[in-house]
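Subject: Structure handover and findings

Hi,

Here is the structure for you to look over. My notes on it follow below.

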Amino acid sequence: MSKDISRRHLLTTAATGAGLAIANAVVWQSMPASADPRPGVAAAGKPVDGPAIDRLVFGDAGSEAAHGLTSTLSDVVPGALSQSARVLNPTAQPGWWGGSLTFTVQVDPMATNYVTVKLWGGDHGDAADESHNWRLQLFVDGESVGWYDEGSIDNLDLLGIDPRSPERFFLHTLPLPAAKTSGRTSLQVEIRSMGRIWSYGQANNFFYDQTEPSRPIYGVYSHSTPYFVPASDDVFGAAPAAPARENTDDDAIAQVRSRVLAEQQRLVYGGGTQNMDAWGFNALAEGYAWKDSTAFQNPDALSAICEAIDGRYLAWKADATVLTASDQQWQGFGRVGLVLAYLWQDIQTELAKNVVPGTTRLVNPGFELGTDVPLGWYVQPWAANGRLSRDASTAHGGQASAKVVSNGAGIVVSPTDSVLVGPGTLTLSGWCRTDGSTASLTSAKLDVLFFDDANRLVGSDNNFFPGSRVDTWQQITGSVQVPTGATRYQLWMVAMNGATAWFDDLTVDAPEPIVASPVARRDAYRDMLVSSRDYWMQNSRFYTNQAQIAAIGIYQANRGLSLLSPGDAWSETRARRWIHESIGLKPFLGSELPDGTRTVPLGTDYAVVTPKGLTRELGYVGNYGEVTDWLVMMYESLTRGHGAVEAPEVREQILKIIKTRAYFRHFDVDAEGKRISRLETEIGWRNEVYPGIADYVQPTHWDSSPVMAAGAFGDTDLVGWTQEMFDDGQFGPQLQLLTTNLGTRVGLAATRTLARDLPDFRAAAASSARMPAGWSAPDYVFTDEVAGAIAVKNGQELFFASLYWRARAGVNGWGRVHLVTPSLQRSATVRERTDGELSATTFTVQDWVTWDYAINDATGGPSPIPAGGWSAPGDVVHQAFSGEVMQQAKLPAGVDPTFGSPTLGTEAALVGLAPFYQLEYGRYIVAMNTTLDQTFRLGTSQKGKARVLSAGPHGRQDLNSTVELQRPIKIGPRSTLVLYRL
């Protein structure tokens with residue numbers, strides 16, 4: 001990150017007076033600390049935390065006997081680094097639950113107790129099941145410790161498709177309910193294996209059976225401090241070397257190119273335009289400006305785009321949910337406005353036409369497109385008596401023809417789509433030749449068939465034959481009267497009696513279709529854009545990514561109206577306000593009612609992006625926080641195409657958001673032992689996978705590639721960080737999604753990657769900037785008091801924490817941490833101290849085990865899914881934390897973060913954000929003040945000295961200075977103090 005940004009908040013004033021005031025900490029960077037890189041070891045070599053209370057080694061007969069281990073469906077297996085382990089097997093008839101391990105561990109009767117599991121970081125799941133991960137669940141007294149999915153106390157393990165820390169073990173820690181350990185010195189604990197969960201599923205496809213053995217489980221520890229120091233004989237493995245991958249970029253790019261070129265051909269000439277989705281016609285709009293595409297400056301592409309929009313219009317008129325609940329979600333018909341802006345000067349002829357319910361073009365009539373078979377043509381299944389191929393060695397005109405080979409009976413080849421037709425006379429022409437060996441002149445022919453709107457055959461056997469049976473090209477011509485009731489036709493190529501026939505250069509002149517109530521395209525598209533803009537204006541979203549998608553759609557629709565129907569368009573200022581609200585430049589005021597008033601559900605100062613640049617769902621979110629693809633689309637919705645406008649304030653804010661995300665990365669090695677940057681997900685709120693996906697500036701998603709932002713903005717930092725990805729050899733592997741997912745959504749991302757993003761990135765000036773989280777990079781501290789999250793680089797440690805952690809119904813007193821070193825990763829949910837005045841409203845933890853909340857769809861209605869989520873198969877399981885009571889934060893008058901939902905436990909913003917947090921883990925002490933007008937005091941039982949890692953510009957403390965932990969330290973409004981014990 002550039003020096004003028006990263007160093008402007010440095011403190012240089014020495015501490016004075018009896019107290020230490022800390023305020024408004026943002027980001028500082030210094031040279032790497034000289035601390036011992038080993039976690040849990042102080043500078044003088046003395047442990048800063050004690051050993052575990054108890055340790056059980058699975059597969060070790062003595063250890064298992066000492067802990068009274070009993071097991072079901074479990075095997076002892078040899079594990080990594082010569083360590084023993086156990087796996088839990090599925091039942092003979094696979095079900096949701098698999099095997100189990102039950103054992104006794106020692107606990108502290110007076111303290112919060114924790115259980116930590118030791119697992120091999122090289123294990124990973126099947127990439128084919130990326131959204132369904134194997135899980136292990138912890139139980140005490142037969143009750144679930146936490147929730148199966150997305151809970152504040154989560155699974156004992158969630159196995160991802162990537163290895164979490166190859167060549168080393170890692171530790172994951174969960175707290176035990178105080179009610180279960182109070183007054184007891186030992187506790188019976190159980191680990192059960194379970195199947196997979198698809199978090200977006202319904203009752204019938206949310207839970208999946210366990211069908212294979214669990215990952216090996218190596219050991220568990222009990223301890224009464226969040227962080228413990230393993231025994232000296234405990235094996236964890238060494239830090240891997242982390243070399244760069246061999247570069248495979250050219251091969252990967254070639255595969256993407258092959259996919260994109262074929263898809264562009266199909267979108268123009270493959271038929272089915274009336275069913276093409278918005279990603280498809282958007283991809284064609286990109287292709288229209290890309291010289292390598294079939295769509296480049298091609299009028300047929302413009303026809304296909306408008307036929308696709310016509311199809312969306314007609315589908316919407318038949319079903320209103322095409323706008324309100326479509327595949328485009330909260331963007332509505334925004335892409336219609338976007339492509340109009342991209343193509344405005346060239347699309348006027350098409351806009352002058354009426355809406356049509358299909359295509360009026362015979363696709364690929366010269367058979368120039370396709371590979372093995374002609375694009376847009378196929379063999380009718382009921383007459384598949386032979387084979388169809390595209391023959392590039394024989395052609396009447398152009399470079400290829402359609403070769404139709406009969407195996408004795410008749411073979412019929414037809415277009416994939418019927419073509420619209422009106423009343424009148426249809427004339428046709430084509431060229432045909434045979435191999436000269438057929439028995440009669442009727443063994444090769446063209447046949448025209450007619451269908452009505454219900455796809456019923458109303459006219460057939462209009463056969464046209466070549467003039468002579470010779471192995472030279474003969475023209476076929478003819479005409480036929482369109483039957484009454486016919487609205488579509490197909491032109492068939494037929495070969496019979498063992499003939500081999502070639503067809504080429506087909507032409508059809510068909511009467512224009514008659515539409516009972518014709519609608520001009522301009523009128524239809526105006527209707528779509530006004531309705532989309534106004535509906536989503538009145539039904540806005542509050543999760544950051546959803547608010548941004550809705551804002552993009554609103555702006556795109558209005559931009560299309562500014563061209564198509566200026567009288568219906570808002571002013572640029574009004575339209576851009578939605579953009580500003582969605583990226584935190586203005587407060588988020590909720591939906592806008594028809595009378596122009598805003599609903600203001602979360603107050604007048606709530607922003608969906610924090611002042612420091614993090615998205616909110618409701619705190620820090622990993623995967624769903626990666627919104628760079630939407631931000632690029634947002635910026636280009638303003639600045640590309642006809643009537644583009646400048647938006648420097650939007651660009652600046654977007655770059656701030658992207659660069660803020662860079663602090664939430666960590667470097668490790670991939671499955672092949674090669675250096676890779678990964679997204680921080682272990683402290684994320686929603687639908688996280690462990691480890692996070694490959695991510696430098698941005699990951700490959702359905703809507704993006706890793707070069708999108710660097711290409712779109714050309715910013716020095718983004719270009720340099722993207723170059724680091726290329727240097728690591730990680731660009732090629734990240735293109736896999738663009739070749740394996742053949743949907744049009746990913747196809748659009750693949751198209752713009754080749755057409756614009758990759759060329760623009762390559763054209764940018766070289767940059768020496770490198771990712772902030774690299775092990776050799778300067779130290780930094782990032783704190784965000786609104787999202788309740790921190791990211792710290794401290795020598796050879798990266799420390800991430802969500803102090804505001806999955807607190808959806810009240811202040812829960814739990815924090816989430818992830819400590820990363822080159823040799824060991826530790827993640828944990830830990831007890832933290834909260835302070836400050838809360839409301840009198842409370843929430844009692846319910847006896848739920850799937851989720852600890854109910855879905856908030858921001859409509860004010862009941863949750864669409866039962867509170868607590870779907871019930872898992874099998875016997876009823878109870879919640880070990882059930883009955884605990886949480887107070888809710890004080891909210892301004894009139895604020896209702898449930899949006900009026902009557903469902904118990906509805907996920908709600910703000911109610912779980914405490915005024916003050918104090919979290920301690922290992923040598924880190926974090927004190928965070930989330931308020932605007934209060935001051936709190938750090939209170940720790942720790943003694944000795946600590947190094948100050950963060951302080952605000954108005955504090956009285958040098959960076960990297962030391963403080964006595966027993967001295968009073970005040971934490972000012974909206975500030976965070978991070979200390980590192982010495």
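Glu907 is buried, because its relative accessible area is 6% and the cut-off for buried is under 20%. Keep in mind that this is a predicted model. Glu907 sits in the loop between β35 (885–887) and β36 (916–921). Two polar contacts hold my interest here. One joins the side chains of Glu907 and Tyr543 at 2.4 Å. Another, at 2.9 Å, joins the side chains of Glu907 and Arg808. Leaving aside residues up to four places away in sequence, Glu907 touches Tyr543, Leu618, Arg808, Tyr853, Ala854, Asn856 and Pro897.

Next, the charged pairs. Side chains of opposite charge can pair when their charged atoms come close. How many salt bridges does a search of the whole structure find? The search returns 59.

Asp292 and Arg257

These two form a salt bridge, with the closest N and O atoms of Asp292 and Arg257 3.0 Å apart. The pair links distant parts of the chain, 35 residues apart. Asp292 is in the loop between α5 (278–288) and α6 (299–318), while Arg257 is in helix α4 (residues 249–269). Asp292 counts as partly exposed, at 29% relative accessibility. Arg257 also counts as partly exposed, at 34%.

Glu572 and Arg576

The side chains of Glu572 and Arg576 meet in a salt bridge, 2.9 Å from N to O. Both residues lie in helix α12 (residues 572–582). Glu572 and Arg576 are four residues apart, about one turn of the helix. Arg576 is buried, with a relative accessible area of 12%.

Arg574 and Glu592

Arg574 forms a salt bridge with Glu592, and the closest N and O atoms are 2.5 Å apart. Arg574 counts as partly exposed, at 34% relative accessibility. Glu592 is buried, at 8% relative accessible area.

Salt bridges that share partners join Glu286, Glu636, Arg640, Arg752, Arg756 and Asp757 into one network.

Best regards

Key
Residues are numbered from 1 along each chain as its sequence is written. This is a predicted model: local features need pLDDT of at least 70, side-chain atom pairs count only at pLDDT 80 or more; totals for chains, interfaces and linings use all residues. Side-chain values use heavy atoms; hydrogens and water are left out. Helices (H or I, at least four residues) and strands (E, at least two) are DSSP runs, numbered from the N terminus. Buried means under 20% relative accessible area, exposed over 50%, partly exposed in between (1.4 Å probe, protein chains only). A polar contact is a pair of N or O atoms within 3.5 Å; within protein, one must be able to donate a hydrogen and the other to accept it, and residues adjacent in sequence count only if both atoms are side-chain atoms. Contact means heavy atoms within 4.5 Å. A salt bridge is a side-chain nitrogen of Lys or Arg within 4 Å of a carboxyl oxygen of Asp or Glu.
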